[in-house]
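Subject: Handing over the structure

Hi there,

I am passing this structure on to you, and I hope you enjoy looking through it.

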Amino acid sequence: MKTTVVGSYPKPKWLLRMIKLHKDGKVDDKVMDEAYKDAVKAVVKDHEIAGVDIIWDGEMRREEMTSYFAERIDGFVIYGEVRVWGNAYYPKPSIVGELRYRDELAINDFLYLRSITDKEIKVPITGAYTIVDWSFNEYYPSKEEAVYALAEVLNKEFRELVKVGAKYIQIDEPAIPTHPEEIEIAKNAVEIMVKGVNAYIGMHMCYGNYRAIFPEILDFKVDQIDFEFANRNFEDLAILKEYDYDKDLGFGCIDVHSRRVETVEEVKKAIYMALEIVEPDQLYVDPDCGLKLLPRDIAFEKLKVMVQATNEVRKELGIAE
Amino acid sequence: MEVIATVVGNYPRPEWFREYLRKVEGLQKDLDVEIERDVLKKAIAEVIDEQKRAGIELFTDGQLIWHDFLLTIASRLEGFEMNGLVRYFDNNLYYRIPIAKGRVKRTKKILYDFEIAFEIEKNIKAVLSCYTVAKLSRNEFYSKFEDFLWDICKAVKEEIEELERSGVKYVQIDEPALLYAEKKELEVLRDVYRELTNTKMETILMTYFDSAERIFPEVLDFGFDVIGLDFVEGYEENMNIVKEYDFDAINLGLIDGRNTKMESLEDLKGKFEEITSKGNFKKVYISPNTGLEFLPSIKAFEKMQLIAKLKEVVE
């Protein structure tokens with residue numbers, strides 16, 4: 001039984017200011033790089049104080065989860081932003097040529113994090129299906145072909161990550177539950193992404209109708225699936241029970257859409273519910289999703305509660321911390 | 001045969017207006033705050049001007065404050081409450097689902113933004129919707145869907161009458177959900193649409209995201225002056241419709257409003273000629289298949305230019 005995070009963490013306010021100054025050309029790349037590294041140190045310290053077992057760098061350098069990767073892969077261009085709902089927009093990439101590996105995506109972030117902490121590390125990267133689903137396709141004859149081409153690119157990154165010491169990679173695929181009819185494509189893409197990758201593989205999915213992806217999702221070639229449960233009052237646990245869920249479970253038990261900090265008692269209760277489905281050594285306790293939209297102090301408090309609840313359950317069950 | 005370059009409805013918001021909305025409305029679910037009329041007018045004027053510069057001939061107001069796409073209409077009617085986010089057809093776009101909690105009534109103008117646009121430009125289409133609003137909402141009040149639909153129809157009808165009184169010449173009814181209506185529903189829908197199309201304005205039925213084979217031939221009896229078909233998503237099926245049925249005026253959704261890829265003019269011209277040679281049209285509108293808000297603004301503009309170029313080469 002371990003505690004972890006999904007990936008993102010609120011950026012320190014001073015970092016947001018620095019990013020703006022850098023965009024406006026008032027701060028050079030070298031200073032900006034130092035700022036990012038200092039921000040990662042601050043975030044790691046928050047996680048260490050909270051007592052999280054498996055951490056990431058809070059995604060200080062990532063603005064969002066599609067274009068950050070698209071900008072670093074040959075074949076993508078970004079013409080501008082499109083609306084998702086209300087007043088929310090994202091830079092939607094277009095695939096205009098053959099997708100090819102160009103720059104590292106998370107290797108430098110991993111290496112830096114490795115150099116400043118002894119904690120176990122998880123590397124989250126948006127999956128091929130989701131990036132393509134959230135992009136325009138001008139080049140490939142079908143979405144399927146674009147997904148597989150991108151999966152090959154990510155496979156190369158995953159292999160490189162393993163070479164430099166990464167042991168735990170998380171594929172973020174929030175788009176999968178939004179297209180249950182294409183689950184076969186997503187499944188094949190995962191197989192391409194993890195081919196020859198000697199690491200523990202998790203897959204994170206938030207939002208969407210989980211029922212629509214069962215039981216097919218159980219055949220995905222991943223060690224763990226990470227779901228959000230708190231957002232929907234843990235009702236979705238019933239689906240896992242129904243289908244005899246047998247992979248390791250990433251157990252989202254902290255609501256990232258609410259500023260209310262959960263009580264230790266309610267998180268403990270949730271953990272016990274999860275333990276009705278998987279064994280303690282299959283359970284990874286984490287928040288529903290990245291914490292980046294919360295105020296930093298609340299995100300920190302939520303992590304502390306999550307860890308404390310896990311520790312108390314461990315004690316009650318006689319499991320070592 | 002008269003050929004007219006037009007657009008379907010929504011358009012990317014000007015960047016400064018996007019920032020403005022973000023500031024006054026925030027990012028959360030409680031949108032729909034009062035927007036200063038002058039600010040909205042400036043934004044709409046800009047979008048109409050872009051259409052003109054691109055060579056479009058019949059305009060729309062760009063639906064700049066339609067946060068919830070066609071479901072925005074529900075947000076402006078009494079009886080509805082806007083709730084959690086739901087996916088808008090097969091797009092990576094979300095709208096707040098309207099829930100009918102009481103009798104649906106029109107207590108104020110639905111298209112107050114169009115009214116502003118009409119002050120700026122007279123050659124412009126008002127856009128409304130009826131069945132799609134009913135279908136994509138959740139009804140917690142009426143025991144029969146049909147009663148729910150009729151009350152929405154009445155509200156939309158009142159709006160249409162007011163538009164007509166103000167001197168508006170064109171009203172477009174967008175009905176993507178109609179493409180999935182069941183056959184047995186079409187009889188009621190005929191009465192609903194006959195009510196809506198009973199006006200002196202030119203009435204355009206706009207369908208998109210799919211082919212329209214399932215609503216033919218019934219739809220020919222709905223009273224619309226112009227029928228709009230999506231020739232990006234349903235080329236083959238819609239081609240068969242054109243071959244099989246006779247109607248005077250059509251809107252050809254020829255350019256993909258949901259992909260940044262630019263079509264070749266030659267290819268578009270070929271499609272235009274193939275379609276129009278099979279029908280017997282007096283009037284042909286050419287447009288993207290959908291609104292252009294699905295695209296980054298630079299590409300939305302290029303797509304409009306392409307429509308204008310197509311009009312030049314086919315005339």
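Before we start on the strands, one term: two strands pair if DSSP finds at least two bridges between them. Please also keep in mind that this is a predicted model.

**The sheet in chain B**

With that term in hand, look at β2(B) and β3(B), which pair in the antiparallel sense over seven bridges. One of the links is between B:Phe80 and its bridge partner in β3(B), B:Ala100. The two strands also form a hairpin, with six residues between β2(B) and β3(B). In the turn you will find B:Phe89, whose phi is positive, about 50°.

On to another strand: β3(B), residues 94–105, pairs with β5(B) in the parallel sense over two bridges. Here B:Ala100 turns up again, with B:Asn139 in β5(B) as its bridge partner. Put together, these strands make an open sheet of three, in the order β2-β3-β5 (chain B), and the pairing is mixed. Its edge strands are β2 (78–87) and β5 (138–139) of chain B, each of which pairs on one side only. A helix goes with the sheet too: α6 of chain B, residues 145–165, lies across β3 and β5 of chain B and runs at about 95° to β3(B).

**Helix α4 in chain A**

Which residues of α4 in chain A are buried? In this helix, residues 107–116, they are A:Asp109, A:Phe110 and A:Leu113. They sit on the same side of α4(A), because they cover an arc of only 100° around the axis. A:Asn108 and A:Ser115, on the other side of α4(A), are exposed. As for what the buried residues of α4(A) pack against, the partners in chain A are α2 (29–50), β5 (120–121), β6 (123–126) and α6 (143–163).

**Helices α2 and α10 in chain A**

α2(A) has another partner worth a look. Its axis and that of α10 of chain A, residues 296–317, come within 8 Å and cross at roughly 35°. The crossing in which α2(A) passes α10(A) is right-handed. From α2(A), the residues that meet α10(A) are A:Asp46, A:His47 and A:Ala50, and on the α10(A) side they find A:Phe300, A:Leu303, A:Lys304 and A:Val307. Sorted by class, this contact has four nonpolar, one polar and two charged residues.

**A proline in a loop**

A:Pro12 lies in the loop between β1 (2–3) and α1 (13–23) of chain A. Setting aside neighbours within four places in sequence, A:Pro12 is in contact with A:Ala39, A:Ala42 and A:Arg296. A:Val40 is 28 residues away from A:Pro12 in sequence, with 9.6 Å between them in space, C-alpha to C-alpha.

**Where the two chains meet**

How many residues does each chain bring to the contact? Chain A gives 17 residues and chain B gives 22 residues. On the side of chain A that touches chain B, the elements giving two or more residues are β3 (73–85) and β4 (88–101) of chain A. The largest share of that side, seven residues, comes from β3(A). By class, the residues on that side of chain A are seven nonpolar, five polar and five charged.

Notes. Residues numbered from 1 in each chain as written. Chains lettered and ligands numbered in written order. Predicted model: local features only at pLDDT ≥ 70, side-chain atom pairs only at ≥ 80, totals over all residues. Buried ≥ 20, exposed ≤ 12 C-beta atoms within 10 Å, placed from the backbone. Helix = DSSP H or I, 4+ residues; strand = E, 2+ residues; numbered from the N terminus. Arc of directions from axis to C-beta. Contact = placed C-beta atoms within 7 Å. Axes fitted to C-alpha atoms, helices over the stretch in contact; angles between N-to-C directions. Nonpolar A, V, L, I, M, F, W, Y, C, P; charged D, E, K, R; others polar. Left-handed = near helix turned anticlockwise from the far one by under 90°.
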